[in-house]
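Please walk through the model below with the sequence and the coordinates side by side. The account begins at a loop and then moves on to other parts of the chain.

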Amino acid sequence: MSGLFHCGQEGNTMADRYIPQEIEPKWQARWEADALYKTGPADSRPKYYILDFYPYPSGEGMSVGHARNYVPTDVIARYYRMKGYNVLHPMGFDAFGLPTENAAIKLKVNPHILNERYSANYVRQYKLMGLSYDWSRLINSAHADYYRWTQWIFLQMFQSWYDPRLNRAAPIADLERELSEQGAQAIFDYIDAHAEHVGVVAKGTPVVSAAQWHAMSRREQNAYLMNFRLAFRAESTVNWDPVDKVVVADEEVEGGRAWRSGALVEKKIIRQWFFRITAYAERLANDLDTVDWPEKIVKMQRNWIGKSEGAEVDFEISDFGLPIAGQSQIANPKSKIRVFTTRPDTLWGATFMVLSPEHPLVVELTTDDRRAEVEAYVAQARAKTDEERTTAEKEKTGVFTGAYAINPVNGRRIPIWIADYVLMGYGTGAIMAVPAHDERDFAFALKYGLPIIPVIARPDGVAKSVVLPGSVDEHFRAELEQAGVEFYTAPLDEAGEGLCVTLRGDAQIDQYVELLRRHLKPGYWHEVVGARWLFVFDDGVEELDSVEADGRILARCAALRPAASNARTVMEMLTRQPFYQDVLFHAEYGMMMHSGPFSGTSGDTARQQVTAWLAQHGMGKRRVNYRIRDWLISRQRYWGTPIPILHTPDGEEALDPSELPLRLPEVENYEPTATGESPLANIPEFVNTPRGRRETDTMATWACSSWYYLRFSDPHNDQAPFGQKEVSYWLPVDMYVGGAEHAVLHLLYARMWTKVLYDLGHVPFIEPFKALRNQGMILSPQKKVDEKGREYFEKMSKSKGNVITPDEVVAEYGADALRGYEMFISDFSQTVPWNTQGVPGVRRWLERVWRIVLAPEEDKGMPVTYSGRELRRVAHQTILKFEKDIGDFSFNTIVAALMEFTNALYKARDAGLAGSPEWNEAIDILLKLIAPVAPHMAEELWARCGRPYSIHQQPWPVADAQAATEEEITIVVQVNGKLRDRITVPANADEETVKQAALQTNGARKSMNGKQPRQVIYVPGRLVSIVV
RNA sequence: GCCGAAGUGGCGGAACUGGCAGACGCGCACGACUCAAAAUCGUGUUCCCUAAAGGAGUGUGGGUUCGAUUCCCACCUUCGGCACCA
């Protein structure tokens, strides 16, 4: 039980009003003077590292929306400190980047100065809210003592490659040794056999032998190594933001627009710096299993990485124009077309090929008579932006090249087309088109009259057939009915009503075909489509199982029915019958058919079987493809970390770590250049060195934020980015909190850097953030109505003039009230509008706390009955509730529980309990529970109660399970599922007693109406359910 | 189109593992105090019914169960993400 309390005695009167404007600055100054929240070095206590996404300090400062995560993490930090943990709760600034640079240009103020100004303002706002960061660990990524180490890590990556055999990063020197001793063959062979390592080396890198390696110049060797380095420079098509005049990474493009500027991005081919994140694709995907993150973020990262498994298949190019039956007449291995497919089981249905317009073989393949059209198409595709190419219209376009390839599994000649729905950046830039089982290919084939041959059975076994009026004799219908076949009649053409038949399963289809054959009238045919593809003519049944059959069937149908003669394929003809619409196409796995020796192979194993067979016959091999591309890191701007590289006659050369930091030079003008070069390029003193020309691009800020969480463990180290001891003690981050908008940007990049540093022996863990939580957004409180009359709330933004700042809220209601409302506003992850009535509500609660602690005898209410036992129970239940809810990130219910606790104290006061031992204990508990939420008020009340400074260094109260237990419980009595009465019984009452008591209640007797209970169910501690 | 999340009073929201729907707060109404107001204290506040009794009720429609906000099926709406990825 607690010690002596002197609060609530004569010394305090109503004159002592709660004035946060006085007590908050007072305690903030004291805490700062005492360095109360300074985190010491590693010690024997358990550690807890709680981290907010470090912010970009903008000139606008923070809004109440930004505080949505800072307050809860502060509550957690304070809670863990009181629980006896060694807590690391730091803050820093992601200070480099375009907004500050753009502001610098506009205001004509040096960005260094703006950075200091903006950061200082953020610190002021944080302190205003009473956040308990350890300010001695403040980081600013634009300071040279920080970016020096960003450069150092860049060099680590530049000097490394990914050795697929070790499955980790290794020194580039190891690769050089291997190349010089035995060449690259072993590496490429290994990658071929281990498909998940495709990202280790740049696409199209030639395999060199040791002899070839030695024959290269140093410059050529360096260029070759670039294909392996984890930080590398390469020419590629990149996203160019014409407004900010920089390239941006794939991850920074949303719907064809640049993430920050909102400009439509253009394609440009430029030499740029990248990190080889694709080498880590497999691990980045797999290790997601080990983190406690929101499912949504995990899914988004998996989608972004986009792993898909399948096969690579080589298609030989047919001799131009020559008819080939069954066998290939070309042996030139250079003119193979390699495709990637996730559905090797559909290979027999590949009736044409499509190359991306950018595919290198297009020029070579195109025949003279097709050249003009092909070139026009390629030019037009080039001119389109990604935006136009993907979203303008979904209508597919393409042209025939005049060339043919050989489908390796059946030797058939198939036409090669080019179309912009095939992307050069994914897979091999070429596909085999299986129109019967791929939606895009289906649409394309229908448009251009290419044959569509089904090769996978419908798993549901459904087939359809239309019987035209007059096409069968008069007995057909009766027999169909007798056979139990499902059909209905419908007006089909001018001749009257026909039958629409739906068949299920092979047996029924065979029976149906038999019926047709007996009753078919001359001059007609019938088809069965869907599960099977049969055409019943008067002299036999044809199956749509090949391109030849397609032509044959079409010719016969056209002969019988001239209306069919303008269709180019059987499938095109069938699409005209609306009844067939849903059975003509499917993309599911199912039994293979029309596939030579593989016909009849079950859908579960088809893919694996065909892949193995292809490998055996040297036609293809298993392959893994990732959607993710390498991470573009360089920016043509001033305000970023300089890239520590020199361009020498021998190629790119790294600075020595001892030459770091490579400082950003002072410049007069930050304006980006018209040529797309960084402003640094205009500073000869910076660019020109005796050894070579400096790289003038800077790193995107994603580099800075990819390791700052490590630096916090040892922020002032000038020998290394962090000490081994410190990083091993503090990391990984136990709880990381921020917005969901960084799902695939920062969070993916930081994970990659951690893995690289792990591989190189700098950190002992593979994932940086054990647990992650996303806060919801806070919207403006003003309700708006859109043009459709729907109500909505808009985001807070300076341009809309609807920003509410913590400054104004603190000035009016105090920091503690703001903190309480930030927690109370809603579920933590929910997006919610700010409510201007909310803060005064919380403030009212704080005042109730203030009064009940300091002056419980004033303003009493009506006398009530309430026992000290009940007060103890509530107090201890509230401790348990707080601890459970904080683990669940349920901050709103913590505040609700504290309010209930406060209400209980008022009741206890009215029952005359003030000053009793139970009362004093309850006040002690209340103040400690409030300390993380309203730290200033808790400290003030603690002091006024004569307790020793500081409440924030008190141990967290321990819940007494006994005290928290209920002795009596209310049992609900239900009759036929409806609530009819309640009874109060001792918590330990046995089942029979409770049941009998329930049956005796007025409510139960009344609604049972004299009937005997058929069943009585007792749920211990909850209810009795009577069934009559 | 695909993936994910969410639909509960006038409002923000709560509800353990299937067991009293609406905790807590806002707003509103009434009462006490006051010359009066504010503040404060108290009472009430899902809807229908004058009230009681009773009935309905957690996006819609079905299902499982003694019992469903919770589980299953289908659908609708909103928000977020991805989007020709072979």
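N167 is placed in the loop between strand 5 (160-163) and strand 6 (168-171), where helices (H or I, at least four residues) and strands (E, at least two) are DSSP runs numbered from the N terminus. Although N167 is a residue other than glycine, its phi is positive, near 55 degrees, and the residue is partly exposed, with a relative accessible area of 35%; buried means under 20% relative accessible area, exposed over 50%, and partly exposed in between, with a 1.4 Å probe and protein chains only.

This is a predicted model, in which local features need pLDDT of at least 70 and side-chain atom pairs count only at pLDDT 80 or more, while totals for chains, interfaces and linings use all residues. Residues are numbered from 1 along each chain as its sequence is written, chains are lettered from A and ligands numbered from 1 in the order in which they are written, and side-chain values use heavy atoms, with hydrogens and water left out.

K108, which is not a glycine, likewise has a positive phi, of about 55 degrees. K108 lies in the loop between helix 3 (98-107) and helix 4 (111-128), and it is exposed, with a relative accessible area of 74%.

Turning to the strands, 4 of them form an open sheet with parallel pairing in the order 2-1-32-33, two strands being paired if DSSP finds at least two bridges between them. Strand 2 (86-88) and strand 33 (772-774) stand at the edges with a single partner strand each, so one side of each is left without a neighbour in the sheet. From one strand to the next the twist averages 20 degrees. Strand 1 (residues 47-52) and strand 32 (residues 735-738) pair in the parallel sense over 3 bridges, and the bridge partner of L51 in strand 32 is Y736.

Next comes a histidine in a helix. H519 lies in helix 17 (residues 506-519) and is buried, with a relative accessible area of 6%. Its side chain is joined to that of D473 by a polar contact of 2.9 Å, a term for a pair of N or O atoms within 3.5 Å in which, within protein, one must be able to donate a hydrogen and the other to accept it, and residues adjacent in sequence count only if both atoms are side-chain atoms.

Two peptide bonds complete the tour. The bond from L660 to P661 is cis, with omega near 0 degrees, and P661 is placed in the loop between strand 29 (651-654) and helix 21 (684-687). A cis peptide bond also joins Y949 and S950, with omega about 0 degrees.

Technical notes:
Axes are lines fitted to C-alpha atoms, for helices over the stretch in contact, and angles run from 0 to 180 degrees between N-to-C directions.
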